[in-house]
Amino acid sequence: MRQIVVVGASLAGLRAAEELRRAGFAGELIIIGEEPHQPYDRPPLSKAFMASRVEREKLALRQSSRLAAQWMLGRRAVQVDDDTKTLTLDDGSILPYDGLVIATGSIPRQLASVPISTPGVHMLRTVDDALSLRSELPHSSNIAIVGGGFIGSELASTCRELGLAVTIVTPLPLLATALGPLADAATTRARKHGVRVIERSVVGVRTAERVTGLLLDGGTTLDADVVVVAVGAVPRTDWLANSKAIVDDGVVCDGTLAVTGLRDAVAAGDVARWPYPPLNGELLRVEHWTTTVEQAAAAAKRLLLGTGPAFAQVPSFWSDQFGIRLQGVGIPSLADDVTVVEGDPAGDRFIAEYRRDGELVAAVSAGSATALLPYRRELAWHEVTAAS
Amino acid sequence: MRIHLDTDQCQAYGNCVLAAPDIFELDDSSPVVKILHASPPESRRAAVEEAVRSCPVEALTLEES
């Protein structure tokens, strides 16, 4: 391959590009990024960066000195043509490739009931989103966060750290996807830290010149001068719509992360959906940071070698909030049964095992990074047997 | 290869321990991870590279010798 184009200039794109070089690719390497910025780390945006404890320069992801990439920032791929192996960019230019890495990530899911065009309504995905929200926080007397996932919950934690009044509105308990039946404990913890949690759905916004409140189901209204919509993410696949790539809640890949329908193309990160061996080939899409970096490395090698092992890394995640660090391995949402084997899930330290049909599918802990080690080992062993 | 840990950066996430438990060690009372084998054998390269990649705060670097 003479020229490899990486579409997406965030964690997945950068780490894939670095791995291409590490694996010996010496040709032209082009990285296209929609944002005007060099790759930066997103997890701090809802936490340390939002609290102004981390400076903007510190968000930059470290780059290998051997990267030697040509950056096309502020540019977007709008189409891929498999027949000619070319990309069309948003300025109309055509870019040929021998190999393609799809790493376009995801964008925040929008709510029709809470238009983001309303002044005072925010989303949180990019550093510019974070700066815009951060600039409004000091003047806010009541922040409302719609959604109780990682970002909503972490953001609420940061607001409390800053001494701000904050309400989370969500029909589900907090961290419902990550914690399953233990999510009620996350709601309890947030309330203990002074977060108001309203278990309702949002049906609309109230506005004057800007947002003044949220309309909730049941006919009640919540006053709010800043609203953040944090109801999950959708994979960024719009640009693949008219291509030969199969798009179905992400770009569908084979087990090795090669894109189905395209030649010499791989995918990594939030955008990639692939048959996960422990799920007997069921398609999975994972938005965790650690999964992204491993997929990036695996996809890069797959692209260069033309073959590779099934990607079967155990998903793992962490979340710093309300003074604790939650960590998990596996896929908690698969479980039909959860056992707390140590501590109190609403407290500072606990270990919980997640099982389906008696078999371990995940473990989650707080206050102990090493508690997960035996579980990760056990889950990895499952993968080997599932793949063989 | 030689592993270097920036102890000012390390926040004891323990992702490196999950990736390579024979190379890194962490106990819950320690503020930073401990490297058991700073110059691991070539046979452990894949796990070590995963450990370096998986650090959320980029506290680990791998120097080639």
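View 1. Residues 24 or more positions apart supply 61% of the chain A contacts with a separation of 6 or more. A contact means that the C-beta atoms of two residues, placed from the backbone, lie within 7 Å. This is a predicted model: local features need pLDDT of at least 70, side-chain atom pairs count only at pLDDT 80 or more, and totals for chains, interfaces and linings use all residues. Residues are numbered from 1 along each chain as its sequence is written, and chains are lettered from A.

View 2. The C-alpha trace spans about 60 × 55 × 40 Å along its principal axes. Chain A has a radius of gyration of 21 Å, which agrees with the value near 21 Å for a compact globule of 388 residues. That radius is taken over C-alpha atoms, and the globule rule is 2.2 Å times the number of residues to the power 0.38. Of the 388 residues, 46% count as buried, with 20 or more other C-beta atoms within 10 Å of their own, C-beta atoms being placed from the backbone.

**View 3. The open parallel sheet of chain A.** Chain A has seven helices and 26 strands. These are DSSP runs numbered from the N terminus: helices are H or I, at least four residues; strands are E, at least two. Five strands form this open sheet, in the order 3-2-1-7-19, with parallel pairing. Strand 3 (70-73) and strand 19 (265-267) stand at the edges with a single partner strand each, so one side of each has no neighbour in the sheet.

**View 4. Strand 2 beside strand 3 in chain A.** Strand 2 (residues 28-33) pairs with strand 3 in the parallel sense over four bridges. Pairing requires at least two DSSP bridges between two strands. Ile32(A) has Met72(A) of strand 3 as its bridge partner.

Methods: A residue is buried if 20 or more other C-beta atoms lie within 10 Å of its own, exposed if 12 or fewer, and partly exposed in between; C-beta atoms are placed from the backbone.
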